[in-house]
Amino acid sequence: MSSQHQFEEVPLRERLATNPRPALVWAVGLALLLLVELGAVISTLFGVFELVASVAIGAVSGAPQGIGPNSDATGAVVVSILNSIEQFGNTLPTLLSRSLIPNQGHQVASGAWEGTFLGLPPAYAWFFRVVLIYAYLFLLLWWAWFGYRTFVEHYRQADWTPRDDVVDRLRGHRWGQFGLVIVVLFVGLALFAPTISPTTFEQDIDRPYEFEVEYFDEETGTVETTTAGDANLVSSSQGTPAYNTGPLSYDEFGRFHPFGTMNLPGGDLFTFMAYGARVSLFIGVTAIAISGFIAAAFGLLTAYYKGFADLSVVVISDSIQAIPVLLLLILINVVFADHWLTSFYNGGLLLALAFGFLYWPGLWRAVRGPAFQVSEQEWVDAARSYGQRSTTTMRKHMLPYILGYLLVYGSLTIGGIIITTAALSFLNIGIGAPTPEWGRAVADGRSYVATESWHIALIPGILIVLVVTALNAFGDGIRDAIDPQSQGGEGAANEAAAAGGGG
Amino acid sequence: MSETEELRRSDRTDERNDLVNVNGLKTYYESGGILGSQPVKAVDGVDFDIERGETLGLVGESGCGKTTLGRTLVRLERATDGEVLFDGEDITTFSGKRLKKWRRDAQIVFQDPESSLNDRMTVGEIIQEPLDVHDWPDLDVDVVGTQKEVTVSGDGHLNEDEREADITVEVPGGAISVRDGVPLPQDRVSVDVSESDSSVTVTLSVDVSRSKLRRARVRELLTTVGLRREHYFRYPHQFSGGQRQRIGIARALALEPEFVVLDEPVSALDVSVQAKILNLLEELQEEFGLTYLFIAHDLSVVRHICDRVAVMYLGHIMEIGESDELFQNPKNPYTRALLSAIPDPDPTDDKRRITLRGTPPSPRDPPKGCPFTTRCPVKIRPSEYDHLDEETWEGIELLREILRERSRADRSFTEMARGVLGMETRFSGIDEIVREVFPHRLDPEREQALERAIEAADGGREDEAREILGQHFDPEETDADFDDLVDAFISDVHAGSHEQARSRVRDRFGEMDVPPEVRSDVETAIDHVRSGDEDTAREYLRDQFGSVCDAESPQHHVVSDTGRTSYCHRHRAEHEEPEVVFESLVD
């Protein structure tokens, strides 16, 4: 009997070894895609590391290192190393970069453009770069999808998994796909902000008087030089035809403004929006990560242990939900006014932490029901009957069923956070200048809505609506995808995991 | 023939070889309310033993506590009191490592194969999980053929528990044998034995990884339960109910348990599949010498598969004994009633079905005395009421049952407020209940009038019937609408149900027709109810009409040569046996 035992199981490594071609093709493709953007990948990655390290060191020593004057030695060293790697990343050749496809140049007497990509007018040069960036982004996503397909086709041992159905349903969900596309556009805007904007944050907003702008002066017929700050002032939109640079137009200095310029002290609105998207995304993702983690942990614990554990979390979450959000945020704003945390994104990090603290009860309530339903399934009892550890049971047998929920409610909540952040900036208690934030653009532009300079408030307003709608649409798509009811019956727990997604 | 059969045969002659002894086991559920309310007494003191290799059936209505009992035996519920001896050790006290280790020996197969398998995992992962949890296989080693001190090193370790070792090494020579349950070819194990004067060192090396062994074991289990090896990577969705139950059985068997609780394993399956699963379970029992506790409410299934049967009611075991015998000749009144509910395909059979009145009492507030007292058709009467006619006695019992039910019903806040304000609630209407429960009687003159009215209505002279009734019965006497009553009366007569027509009028206009010796007691109780004090009414009725069944818990009496026991007062010498009373009921 024992001689015929077979070991049919083939580990993934061996499956790859027997048929390496598809995997190799995919890996080489991915490597090439990443290689052309190596500089951007490194600088973005280490930019995030630097931020995390600064916050961590700040939390340990009470002041942000590398930023404040009295830096702790080791912390400063760590941060400066990360910073230099980030800078090094910037020097690496990158395909989609401002230097390869420049859009900032000036006209010469002949009317031709100098300094721009192939001598194209700045508008075309910029547009070309934007198209390339999004083409790259969608190619990268498609490549990831292609990788998944390759795995399913060549390497997966199961011929079907429940995930296949989810994917199938998502593929037929147009509304969700619309949401996904807009979300990708938004994330692309945030990720590629330094490349995608017509000018940069430093030059346009942060230190405009340290950068110079060359332009063709028609009166003198020569190329003159001024500071970016002065140019911004002159080209700013102030609601009169004489002082206005609208969307898709050039200003007096030959600079192209896709969304027009802002009010005093001026500046490019598109650049402001791109960097603002970064801030919104950062706040949204950080807050959702924090509150989602707390909600999932409490959801599992309360559903598994029930009784007193549940009751205490109910009381805590009720207490938190009873706090008036606006008052608390104003309070935090005042109390932490001089705190080191405020120095990140002019209060953006503080806001993200506050949102993370304030939003978990809502998420927890959303997943509590499904978690309870899953905990009543007999497979949880079965796990107990053969002695599985409680933490493993929660992770293996319960978490997969509430993750879908977290995704749905998370995407809805991110929209809410983006709106709230904008609303707070509008009320001037959120993220302060100079860190760009969409809500502040709406606030700044509201007195010009009825004038020539309507674009200052209107464009950010529309974008906020669009992004939040898209996040909701995406959430709807996920909910419908994990809902077996939409495609005929499946397991009871799947229903459990999808039934409460209507809110 | 098989090991199990042999075991059983030898036990008949020798003393019993029990695997599980349950003594005074109680499992209560706390209701979880903030105020300390009554716990639900799901299992309320049961004693029984399960012999090694036998199948004990556990039957009863839904909600009688049989599933809780099964879950307590595998430590999915904590026992409130009592002990469960497993191989002589009380497992209710186990915790930590000891508990985890013991869990290998006792497994459970759940009722609902939809819910018992995590459908985000492949079948392979599901069956393998218990193996992973216990880091199976142990690779423990028995060294035989030597008296010297033995040390084992390398991939194995010395066997320390009573389970059969995975690998056995014979010491002079170093011959290896691997246990059947472990899918390890002998040529993948090499052993190095070095012997000194006082000790033996065995160094073992296994060149197959544990995880590979586990996967091979899962594949073997798949074939053992009648699935195919290639099902390993399928998901539960891709299987039918019967196949899913096979997966559940494979998971329960993965750790080679001695004892398996089968919690209604075929109730959720198609009838066509049930037999296959039952046969599989029997085969597996023979092959692996398993001991089963088979929980079911389908009595024919139990009869088919079980050696012995325990009948459960409201947290108590009512009767327990050899299966055939119990089905042939049930001794306990409850067993009798339960068995009479089995449908009989023979239409000429004149077997009488025993219909129990009411519903089982709440396990939160079980009756005092015998748990079956509220519904027992052969309940012992106090001797002073022996001569009372059946109808009256039934009426009294029914009244008690109704009051008991009413005390169980949740009263909403508004209903309580209405009660306090003296307004009508859905709980008022004791008069109606009394009309329903007790027979009523008219005086002879009115009785005659009633007969005349029936005659008239029957002859098609409705107006005359109405006139007669109107003359003799005053509409003021009753709270019901007189015209409606007469209409219903006439239509009853037309429908041919004269007796119903009579009682319609009698109930409204007659006097309660109970013998004088109980009349005052019943009226006192009714007065208590009228004044809103139903608890006092219940207690009063119990004091007046209760017997030993309401007062004392019965004992388990041995009722046959094979040691069958029944939990009933009627087995005591001073009372008539249940079957005698049942016979007289039927006559």
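This is a predicted model: local features need pLDDT of at least 70, side-chain atom pairs count only at pLDDT 80 or more; totals for chains, interfaces and linings use all residues.
Colleague: How many residues does chain B bring to the contact with chain A?

Modeller: Both chains take part in this contact, and chain A brings 30 residues to it. From chain B, the number of residues in the contact is 43.

Colleague: Which residue of chain A forms a salt bridge with Glu129(B)?

Modeller: Across the interface of chain B and chain A there are 3 salt bridges by the rule applied, and the rule also finds 18 residue pairs in polar contact there. A salt bridge requires a side-chain nitrogen of Lys or Arg within 4 Å of a carboxyl oxygen of Asp or Glu. In the pair with Glu129(B) the closest N and O atoms are 3.7 Å apart, and the partner is Lys396(A).

Colleague: Which element gives the most residues to the side of chain B that touches chain A?

Modeller: The elements of chain B that give two or more residues to this side are α3 (96-103), β6 (106-109), α4 (123-133) and α5 (210-224). By class, the residues of this side divide into 19 nonpolar, 8 polar and 16 charged. The element that gives the most, with 6 residues, is α5(B).

Colleague: Which residues lie closest to the centre of the largest cavity?

Modeller: A search of the whole structure finds 3 cavities of 30 Å³ or more, and the largest has a volume of about 90 Å³. Its lining has 10 nonpolar, 2 polar and 2 charged residues. Of the 14 lining residues, those closest to the centre are Pro333(B), Cys370(B), Cys376(B), Cys549(B) and Cys568(B).

Colleague: Where in chain B is Pro137(B), and what is omega for the bond that joins Trp136(B) to this proline?

Modeller: Most peptide bonds are trans. Pro137(B), however, is found in the loop between α4 and β7 (140-144) of chain B, and the bond that joins Trp136(B) to this proline is cis, with omega about -5°.

Colleague: What is phi of Asn428(A)?

Modeller: Asn428(A) lies in the loop between α16 (390-426) and α17 (438-445) of chain A. Most residues other than glycine have a negative phi. For Asn428(A), phi is positive, with a value near 65°.

How values were computed
Residues are numbered from 1 along each chain as its sequence is written. Chains are lettered from A and ligands numbered from 1 in the order in which they are written. Side-chain values use heavy atoms; hydrogens and water are left out. Contact means heavy atoms within 4.5 Å. A polar contact is a pair of N or O atoms within 3.5 Å; within protein, one must be able to donate a hydrogen and the other to accept it, and residues adjacent in sequence count only if both atoms are side-chain atoms. Helices (H or I, at least four residues) and strands (E, at least two) are DSSP runs, numbered from the N terminus. Ala, Val, Leu, Ile, Met, Phe, Trp, Tyr, Cys and Pro count as nonpolar, Asp, Glu, Lys and Arg as charged, and the others, Gly among them, as polar. On a 1 Å grid over the protein atoms alone, a cavity is a set of points where a 1.4 Å probe fits but cannot get out, and a pocket is an open set with protein on both sides within 12 Å along at least five of seven lines; lining residues have an atom within 4 Å of a point. Grid points are joined across faces, edges and corners, and a volume is the space filled by probe spheres set on the points.
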